[in-house]
Amino acid sequence: MTIRRARPDRLQHFRPRMHCLKKLEAVVVEMQSGVKGSEQKLNVTTIPHVITGKDVIAWITNKMKSTTEESEAFGTMLVAYGYIYPLQNHRKLVMCNDSSLYRFQTPYFWPTQKWVAEDSDYAIYLAKRNIRKKGLLEPYEQAHYNHLHEWLNHKWDFIVMQATEQYKAGKERRKPDRVVFDCQERAYWIVNKPPRRTHSAMDSGLELLIDPNSDEKIPFDTYRRMNLFYQQAIMSSKVKSSVSLGALNKYVATYKNHDPFLAPCLPSNPWLTDNDSYWTLNMRQVEVPTKMRVERWSFSLFELLRDLRGRDDFKVFLKKEFSGENLAFWEAAEELKWGTASSMTSKAETIFKTFLVPGAPRWINIDGRTMGLTVKGLDHPHRYVLEAAQTHVFLLMKKDTFFRYLKSPVYKEIQKKALNPEAHNFSPAQLEHNAQNRSPGIHPLILWQQAEAEKAKAAAASVPVDVKALMSKLDRIK
Amino acid sequence: MGEMEELRKEMENLKDQITAARKTFQDSTLQEAAAGVTVVGRVQLKTRKTLRGHLAKIYAMHWGTDSTLCVSASQDGKLIVWDTITTNKVNAIPLKSSWVMTCAYAPSGNLVACGGLDNMCSIYNLKGKDGNVKVMRELAAHTGYLSCCRFLSDTEIITSSGDCTCVLWDIETGTQKTVFAGHQGDAMSLGVSPDFKYFISGACDFTAKLWDIREAECRQTFGGHESDINAIGFFPNGNAVITGSDDATCKLYDLRADQELLTYQDSSIMCGVTSLASSKSGRLLLAGHDDFNVNIWDMLKAERVGVLAGHDNRVSCIGVSSDGMACCTGSWDSFLKIWN
């Protein structure tokens, strides 16, 4: 098994965060003129332009009009990306809302400078520190150093030479400048090569394969296809946005009381009280559904059919009206669409004999053209052969039968019978009790077995009754 | 190459015409339409459960169609099916390749699928005869990593891949039924419509495309984002699409009006969106970001109404259960949290 990973080019490494980093840069540039810096003493040396965490967070709160927590999180993000670095506790990349000292990182070391921190640069940095004072490296840095020594052994002389050069150049600087530069470089490497078991903000996950930044030549054929697509797009029918917005509004308003995030659910939300009654009352097979469930059935035919309990109720109504064949056909078509490929021919045959043949026991009334197309398609049955007929039947039910159902005595009766459970009012002690005695619920395997048993029963019941056989049986019994 | 130039000019012309046509159909904004709607107020969700058990970054999670089971995939090479209310692990499936990027739960509850850098989608049967969970199929034909997969039924599954295509597979035979090609960048995520007739895909070419599953063609393309689209989903009524991108914004596109209706953005949010989910009524949009938080938006008013903060690393996946009762977030800190 080969795992193909794209070679990260310099830009790809930062691509996922390019947008974010550009915005952060703009904020940092503003901040540099906004937050006051001062001179502080750190280990004998005086360092200029030092800022305190308090000031930074106050500035952020002021600029973004956010809460203190959000500003703290934002400040920590700036530190984690390396725009600001802490002076005192340099390993912990967090912005503290007190008088801890920080400095702005020099733009040379900003993450958007589009160059990736290379291994050889890191090796030079570690070698330099080693030269300065042996034994100064932390354990994780020592581990990195040993690894790089092995890995870059062929370049090691070059690396040591570079490190010595930089060390000598550093000695010639004035002490404050040297300390500042050391701090900056150290901060840069803490961000890019973090110690083990800390998470780094530079972690970008897996790399992309296609680099949209590259100017790939789009072939001639693709252009032609795209143009065809755009031409079709212009000619396609569109709806005015006010209509769509109205529809969205209406949908949200209709479902408002059924959204558990916005409205309380009766009897109680199982997540809050550890009491399963809500789920037991709303199970698939329940005799009497809850009022909310019955209300949902009236929202659209789609909802009614999707809820199997609702479908059962609809079937009761249709039986009274002697027009159950539409729904039966719709269900059979669904089974064909989602069933196994091997069963398709047999299912198609049964459907043809039961619903489509003229004079069939459950003949559906669809227009001639659709009927012709469907019958022809059934010669070579495939998953979507009944699609046209099914849509036609669905629309028939939606425009006519559904509304009659909502006004029918069957629906009104179920509305009256529906349960409206009392809201639970648990005391804290009872809540504790609930949490400890949580029932494991019905195992999914049992539910599945129940569903299979039901399907088998339904299949047996839907076989068309052979009247002649029944009559002859009755005669024989007599 | 005079012809190429001509074609390119024609394409630009057509694109301008489309933009103009969209403008004429834009006779109202959501602000005006939703002016009369009552304000939702501050939404505060609390962590009800924390699911511990993964040892590495969690890359994806998906709820089952019953209320309490969900599956999560992590880079420690495990696919875990959780019973979220008791926090028990119903199944812990070891994977052949630990570089997994996505997982999915079949609507019937019988199968789970996962895939990643191995370019394959592996289907596991949870209801095997002797109770063991075994690989049922390995769907291999992609030339790029698998970024997302979603079941249509026990026999069909749709996958999106880093090779810029989406594919509809027949699980029984293990072959590709349809290849949906058209994106110019890695396809990062996909969503299936509630009636299973259409699906949408978001890609790194900054566009989202609506595909007709049966006709095997792209019906509509939506642009407007300035960076990779990481997350995509349908609005509960199936007529609108929500996308989340690296440019830190989420956008709402309407399918019938064929244009963008609303953008959810805030100047204080700078981190890209990694995942999104909408509440049952569609009023709330939950978006997970790189800065370890989940922002909750009021979809009609385009205002932020809450924040879920509790993870110690990037929120990589988010999902709302099918009855809308709880939302689950998975993060790179290896924990899943259930909020309510």
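**Reading the two chains**

Modeller: Let us begin with one stretch: residues 180–221 of chain B are 57% strand and 0% helix, with end C-alpha atoms 13 Å apart. Helices (H or I, at least four residues) and strands (E, at least two) are DSSP runs, numbered from the N terminus. This is a predicted model, in which local features need pLDDT of at least 70 and side-chain atom pairs count only at pLDDT 80 or more, while totals for chains, interfaces and linings use all residues. Residues are numbered from 1 along each chain as its sequence is written, chains are lettered from A in the order in which they are written, and side-chain values use heavy atoms, leaving out hydrogens and water.

Colleague: Where does UniProt list "domain: RGS"?

Modeller: The unreviewed entry lists it at residues 300–415 of chain A. That span is 73% helix and 0% strand. UniProt also places "domain: DEP" (unreviewed entry) at residues 31–106 of chain A, a span with 39% helix and 26% strand.

Colleague: How is the area buried between chain A and chain B to be read?

Modeller: The size of an interface is often given as the accessible area lost when the parts come together. Buried area is that loss (1.4 Å probe), summed over both parts. Here about 8600 Å² is buried between chain A and chain B, carbon and sulfur atoms giving 65%. The contact (heavy atoms within 4.5 Å) takes 81 residues from chain A and 117 from chain B.

Colleague: How many salt bridges are counted between chain A and chain B?

Modeller: The count is two, a salt bridge being a side-chain nitrogen of Lys or Arg within 4 Å of a carboxyl oxygen of Asp or Glu. A:Arg383 forms a salt bridge with B:Glu156, with the closest N and O atoms 3.6 Å apart. H9(A) gives the most to the side of chain A that touches chain B, with 11 residues.

Colleague: Over which residues of chain A does pLDDT stay under 50?

Modeller: pLDDT is the predictor's confidence in each residue, from 0 to 100. Where it is low, the predicted coordinates should not be read in detail. In chain A, pLDDT stays under 50 over residues 1–10, whereas the mean for chain A is 81.

Methods: UniProt positions are given in the numbering used here, feature names are shortened, and annotations may be inferred rather than shown by experiment. Buried area is the accessible area (1.4 Å probe) that two parts lose on being put together, summed over both.
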